[in-house]
Amino acid sequence: MCEFCTRHGEGRKWYENITNYTEEVFRRVNSEEGLRDFLAGLPHSLKHGVEMAGRWKARFPRIYRLIAYPLVTRRLRRVHFGQVVPVEDVEGILDNFSSVVRLPCVCRKVTTGREEMYCLGIGMDLTPVFKDLPDFSGFDRLSAGEARAMIRRLDAEGMVHTIWTFNTPFIGAVCNCDRDCMAYRFQVELGAGKAMWKGEYVAGIDPRRCSGCRECMDRCYFGALVYDGRDAKCRVDPMKCYGCGLCRTVCTSSAVSLHDRAGVPEAAREW
Ligand code: SF4
Ligand code: SF4
Ligand code: SF4
């Protein structure tokens with residue numbers, strides 16, 4: 001289990017600990033005013049902050065790596081941090097709530113200019129905050145069943161599921177992301193800092209079932225799958241795998257399974 005599980009999980013994965021979604025934890029680490037200010041500034045910081053980090057990293061790579069990367073990462077861990085979560089664990093989270101709030105995706109608004117509803121506000125009711133903010137006020141409500149159907153549909157479409165804090169360890173959102181996600185661009189494409197943990201799992205491929213069709217390679221956003229021409233099979237690079245499970249969803253040969261990260265020695269400390 002990751003460092004957040006150790007500190008905030010009470011013996012479970014930290015996102016399975018329902019306390020982390022409660023008003024009690026929110027009030028311990030945040031406030032409505034604080035959240036309102038953070039969300040009001042989020043589109044600007046996603047657009048300009050990420051661009052600026054990329055420029056600084058390209059200009060001063062050594063200084064960035066030694067000083068800026070750890071500073072930025074430390075701040076994100078405290079303020080707004082995510083983790084990749086496979087579909088069945090998202091369903092486990094949703095089982096705790098009778099309804100959720102569906103929100104516009106602020107990343108895609110920045111990257112594509114489109115207003116699309118990909119985020120779910122879960123747990124504590126934060127709509128009094130969202131309704132005051134133009135980028136978030138277009139929310140609606142889904143029943144737990146509708147939310148589960150949405151998550152399954154997005155999983156089949158190839159969206160990586162992630163959970164997000166609004167001052168850690170308060171978890172307020174489940175997101176559904178692709179390459180238009182600013183956290184993905186910041187962390188995976190630019191390597192400018194860590195905005196989210198890898199998931200608690202690592203994928204493995206059963207070579208006896210793998211047909212070598214390579215559908216999984218097209219689905220993986222993290223470059224964690226390689227095709228081995230010697231036996232015409234795909235393999236997982238455990239060091240690169242985020243444990244999202246999307247390769248498993250797309251594999252019609254049922255060759256992929258997810259394994260507990262702690263049980264995969266190469267990846268056990270690779271978050
Ligand atoms: S984390 Fe994902 S779903 Fe959430 S705002 Fe960003 S791209 Fe959208
Ligand atoms: S999708 Fe499945 S069968 Fe096809 S290459 Fe990947 S693991 Fe093998
Ligand atoms: S190998 Fe599979 S589980 Fe791992 S990051 Fe790629 S798509 Fe996700």
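This is a predicted model: local features need pLDDT of at least 70, side-chain atom pairs count only at pLDDT 80 or more; totals for chains, interfaces and linings use all residues.
Trainee: What makes H3 roughly antiparallel to H4?

Mentor: The axes of helix H3, residues 32-59, and helix H4, residues 61-79, come within 10 Å and cross at roughly 160°. Angles over 145 degrees count as roughly antiparallel, so H3 is roughly antiparallel to H4.

Trainee: Which residues are around ligand 1?

Mentor: They are Cys105, Val106, Cys107, Arg108, Cys119, Trp164, Cys175, Asn176, Cys177 and Cys181. Each has a heavy atom within 4 Å of the ligand. Two elements give two or more residues to this shell, helix H6 (106-112) and strand E6 (171-177).

Trainee: How do you know where ligand 1 sits?

Mentor: A molecule sits in a pocket if more than half of its atoms lie within 2 Å of the pocket's grid points. By that test, ligand 1 sits in the largest pocket.

Trainee: How many nonpolar, polar and charged residues does the shell around ligand 1 have?

Mentor: The count is 8 nonpolar, 1 polar and 1 charged. Cys counts as nonpolar and Arg as charged, so Arg108, named in the shell, is charged.

Trainee: What surrounds ligand 2?

Mentor: Ligand 2 has 13 residues around it, and the closest are Cys210, Cys213, Arg214, Cys216 and Cys251. By class, its shell has 8 nonpolar, 3 polar and 2 charged residues.

Trainee: How does the shell around ligand 3 divide by class?

Mentor: It has 9 nonpolar residues, 2 polar and no charged. The residues around ligand 3 are Ala203, Cys220, Phe222, Ala224, Leu225, Cys241, Tyr242, Gly243, Cys244, Gly245 and Cys247. Gly counts as polar, so Gly243 and Gly245 belong to that class.

Trainee: Why is the phi of arginine 214 worth a remark?

Mentor: Most residues other than glycine have a negative phi. Arginine 214 is not a glycine, yet its phi is positive, about 70°. This arginine is found in the loop between strand E8 (201-205) and helix H10 (215-219).

Trainee: What kind of peptide bond joins threonine 168 and proline 169?

Mentor: A cis bond, with omega at about 15°. Most peptide bonds are trans. Proline 169 lies in the loop between strand E5 (160-165) and E6, and E6 is one of the elements that give two or more residues to the shell around ligand 1.

Methods: Residues are numbered from 1 along each chain as its sequence is written. Chains are lettered from A and ligands numbered from 1 in the order in which they are written. Side-chain values use heavy atoms; hydrogens and water are left out. On a 1 Å grid over the protein atoms alone, a cavity is a set of points where a 1.4 Å probe fits but cannot get out, and a pocket is an open set with protein on both sides within 12 Å along at least five of seven lines; lining residues have an atom within 4 Å of a point. Helices (H or I, at least four residues) and strands (E, at least two) are DSSP runs, numbered from the N terminus. Axes are lines fitted to C-alpha atoms, for helices over the stretch in contact, and angles run from 0 to 180 degrees between N-to-C directions. Angles under 35 degrees count as roughly parallel, over 145 as roughly antiparallel, 65 to 115 as roughly perpendicular and the rest as oblique.
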